[in-house]
Amino acid sequence: MRLAPPPGPRGLPLVGNLPSLKGRNLHEKLYEWSQIYGPVLSFRLGRKLCIVVSSAASARELLKDQDAIFANRDVPTAARVLPNGSDGIVWGAHGPNWRAIRRAAVGEMLNHTKLEVYGNLRREEVGKMVRLVQEKAGTPVEIQRLMYNTLYNVVVAMLWGDTLKEEGMSGVGAEFEAAVEEIRGSFRGLGIADIFPFLAPLDLQGEVRRRRKLSGKLHRILDSILDQRLKMIGSGEEGRNDFLRLLSKMNGEEAKSMPLSRANFKALILDLIMAGIDTTAYAMEWAMAEVMEKPDIMKKAREELDQVVGVDNSVEESHLPRLTFLHAVLKETLRLRPVVPLMLPRTPSQPSTLGGYTIPMGSRIFVNMWAIQRDPQAWENPLEFRPERFLTGDGKWDFTGNNFHFFPFGSGRRICPGASLADGMLLYSLASLLHLFDWKLPEATKLDLSETFSLALKMSQPLLLVPSRRFSNPDLYSSLV
């Protein structure tokens, strides 16, 4: 017997359900529909059939039981014109090439053992952040931008180390950063061509032409960086133990087991910068906003920091495993404010079934993590910010993606490979800012916790906070070098 497609709201000819979504955050509207049509529902964006998963059970079926079938991304037009976007981890098609790229990223850069190598680098950049905040004492600081800049410096140094310090490369770093900023500003999720594919050749918004121009610029910059790094390695100048040293393996025996092309490397570099830094910076902004909203939580976090770190010491990474309450604050932030609330869309590689419904090949699949992590059947008072809920459970609430009530970094084959780096940097940075500084809102402003959504969940208004030194000892603000 042929199964029926998932139920959903009736749409209009040509435009589908677009009028119902106007002016709404997509994840909120999809949650409302799930209360009417169930945990697996369908709707249309133009002519595109979209499936929404809104329960832990259906998420498990999709991301674990049928992970191989649903492992491909439904790639938006904006990503297709990025440099080698299809050759990277984020948007690449699931298969042998994708698995090789992921192994390279995790095995050579993002696993726990490799990340320990970069401990001094993280300490140096967190120290720079602390000193910058100290210099801005008494004036508003934009928290998201502060965290973005810190993460950007860490990731870039991990990628190519001291390469840009070589002769003739001084302006390349600034040029690359400017190009990345331009890409960030233009990437706002789905465009007209994603909703009405037949209009794609017309490029009505001019976005494809603009992104192709940016893509060409990024190709040229990345090629100059890769060439310089290979030149350094070829001359015996190893430099920092950075990720681009992998390039030297591409021409040797090890290339047989790790057949990565230059296109793969460029795509992987942009994946790490474009996908990981923004989302982590948004998570930091939400965490700071939530503790500002709850003075009792700020007080508990400070008491733990004073006990573990001490009032005459700066935060070190060795302190982090003992900051259990602050880690619970971070987890509760990612539960209530998942930075990719609908995850990145997937598409089945063959016709399939889900939740007892037929799922056509080519449909776009959304997992409403935002709704699942607020499910009142799994979470007591789910809309309340309560870090204490993560202090019990014997490891039940981790970031491995095995618990489908809490999986902020995703699950299955497409789980975020940078989860360990993001978690560590968030905890280290949040601990440093809360321990060393007092914070208040600028005069005549109120805290606005409303959300806005494109692909990532952001605060509707950037969080601006005014810092002041919490301790009188000046050495605490200059000891991180």
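Predicted model: local features only at pLDDT ≥ 70, side-chain atom pairs only at ≥ 80, totals over all residues.

**Entry 1: a hairpin**

I started with the hairpin of strand 1 and strand 2, which has two residues between the strands; glycine 46 there takes a positive phi near 65°. Strand 1 covers residues 40-45, strand 2 covers residues 48-53, and six bridges join the two in an antiparallel run. For one of the pairs I looked up leucine 45, whose bridge partner in strand 2 is lysine 48. As a reminder to myself, strands of a sheet pair through backbone hydrogen bonds.

Then I asked how many residues of strand 1 are buried. I found five of the six, so strand 1 is largely enclosed by the rest of the structure.

**Entry 2: the whole chain**

I stepped back for the totals. I count 17 helices and twelve strands in the secondary structure. Of the 481 residues in the chain, 55% are buried. The accessible surface comes to about 20,800 Å², and carbon and sulfur atoms account for 52% of that. Taking contacts between residues at least 6 apart in sequence, I see that 76% join residues at least 24 apart.

**Entry 3: cysteines**

How many disulfides does the structure hold? I found zero. Cysteine 50 has a relative accessible area of 0%, so I filed it as buried. Cysteine 416 comes out at 33% relative accessibility, so it counts as partly exposed, given that this class lies between 20% and 50%.

Next I traced an open sheet with the strand order 4-12-9 and antiparallel pairing. Strand 4 (141-142) and strand 9 (437-440) are its edge strands, each pairing on one side only. Helix 17 (residues 419-436) packs on this sheet and touches strand 9 and strand 12; the direction of helix 17 makes about 85° with that of strand 9. Between strand 4 and strand 12 (residues 464-469) I found two bridges. Valine 141 stands opposite leucine 465 of strand 12.

**Entry 4: two long-range pairs**

Alanine 57 sits in helix 3 (residues 56-65). With a relative accessible area of 58%, alanine 57 is exposed, because the class begins over 50%. Alanine 57 and phenylalanine 404 are 347 residues apart in sequence, yet 7.4 Å apart in space, C-alpha to C-alpha.

Histidine 94 lies in the loop between helix 4 (77-80) and helix 5 (96-110). Its relative accessibility is 23%, so I noted histidine 94 as partly exposed. From histidine 94 to arginine 414 I read 320 residues in sequence and 9.1 Å in space, again C-alpha to C-alpha. Beyond its neighbours within four places in sequence, histidine 94 is in contact with Ala71, Asn72, Arg99, Arg413 and Arg414.

Note on methods. Residues numbered from 1 in each chain as written. Heavy atoms only, no water. Pairing = 2+ DSSP bridges. Helix = DSSP H or I, 4+ residues; strand = E, 2+ residues; numbered from the N terminus. Contact = heavy atoms within 4.5 Å. Axes fitted to C-alpha atoms, helices over the stretch in contact; angles between N-to-C directions. Buried < 20%, exposed > 50% of the residue type's maximum accessible area, 1.4 Å probe, protein only. Areas by Shrake-Rupley, 256 points an atom, 1.4 Å probe, with all protein chains shown as cover. Disulfide = S-S within 2.5 Å.
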